[in-house]
Amino acid sequence: RVSEIESRLTAREADLTVLGNLTQVYTSFAQSANEHRACPVCQQSLADVAAFTETVRQTVESVPAQEATARAEAASLRETRARLQRLAPVAARHATLVTKTIPEAETAEAGDGGGA
């Protein structure tokens with residue numbers, strides 16, 4: 001369970017890194033498209049630069065909400081991880097009781113004739 005949380009947290013933190021750079025990248029794409037009337041990635045001519053820059057603008061405007069969602073999810077995952085880590089000693093003790101201590105006590109009791 002902790003490893004699953006760690007994996008999800010790592011993915012969220014990676015998303016935050018990408019989102020942190022997205023505004024700058026897309027803004028530079030729009031500026032380049034306006035200057036060169038071509039896609040800044042593939043250099044293909046753009047027939048409608050305004051449509052391209054509008055799409056970029058909408059993408060840039062969506063970034064803060066995406067970042068807020070990713071930050072909230074990361075914070076929740078960190079809290080879940082912390083709770084699970086605090087419970088790890090209890091879970092380990094439970095596992096020891098179930099797999100070792102109780103079976104050994106039952107075996108000893110059975111060997112004593114049922115404890116009577």
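The bend at a residue is the angle between axes fitted to the seven residues ending there and the seven starting there. With that in hand I looked up helix 2 and found a kink of about 45°, centred on Leu 97. I count helices (H or I, at least four residues) as DSSP runs, numbered from the N terminus.

**Entry 1: ground rules.** The model is predicted, so I keep to its conditions: local features need pLDDT of at least 70, side-chain atom pairs count only at pLDDT 80 or more, and totals for chains, interfaces and linings use all residues. Residues are numbered from 1 along each chain as its sequence is written, and side-chain values use heavy atoms, with hydrogens and water left out.

**Entry 2: helix 1.** I checked the span of helix 1, residues 2-36. The expected span of a helix is 1.5 Å times one less than its number of residues. For these 35 residues that should give 51 Å, and the end C-alpha atoms are 50 Å apart, which agrees. Helix 1 has a kink too, of about 35°, centred on Leu 22. After the helix comes Arg 37, and I noted its positive phi, near 50°.

**Entry 3: helix 2.** What does helix 2 reach from its first C-alpha to its last? I read 86 Å for its 63 residues, close to the 93 Å expected at 1.5 Å a residue.

**Entry 4: what is buried.** I call a residue buried under 20% relative accessible area, exposed over 50%, and partly exposed in between (1.4 Å probe, protein chains only). In helix 1 the buried residues are Ile 5, Leu 9, Leu 16, Leu 19, Leu 22, Ala 30, Ser 32 and Ala 33. They pack against helix 2 (49-111). My list for helix 2 has Val 49, Thr 53, Val 56, Val 60, Val 63, Glu 67, Ala 70, Ala 74, Leu 77 and Thr 80. Helix 1 is part of what covers them. A reminder to myself on spacing: an α-helix has 3.6 residues a turn, so residues three or four places apart point the same way.

**Entry 5: the core.** Which residues make up the largest nonpolar core? By my rule, such a core is a set of buried Ala, Val, Leu, Ile, Met, Phe, Trp, Tyr and Cys residues joined through side-chain atoms within 4.5 Å. I found 9 residues: Ile 5, Leu 9, Leu 16, Leu 19, Leu 22, Val 63, Ala 70, Ala 74 and Leu 77. Each of the two helices, helix 1 and helix 2, supplies at least two residues of this core, and the largest share, 5 residues, comes from helix 1.

**Entry 6: salt bridges.** I take a salt bridge as a side-chain nitrogen of Lys or Arg within 4 Å of a carboxyl oxygen of Asp or Glu. How many are there by this rule? The count comes to 10.

One that I opened up is Glu 13 with Arg 78, where the closest N and O atoms are 3.1 Å apart. This pair links distant parts of the chain, with Glu 13 in helix 1 and Arg 78 in helix 2, 65 residues apart. Glu 13 is partly exposed because its relative accessible area is 34%, and Arg 78 counts as partly exposed at 34% as well.

Next I followed Glu 79. Its salt bridge with Arg 83 has its closest N and O atoms 4.0 Å apart. Glu 79 counts as partly exposed at 38% relative accessibility, and so does Arg 83 at 41%. Glu 79 also meets Arg 86 in a salt bridge (3.6 Å, N to O). Arg 86 counts as exposed, at 54% relative accessibility. Elsewhere, salt bridges that share partners join Arg 1, Glu 4 and Arg 8 into one network.

**Entry 7: Thr 80.** Leaving aside residues up to four places away in sequence, Thr 80 touches Arg 1 and Ile 5, where contact means heavy atoms within 4.5 Å.
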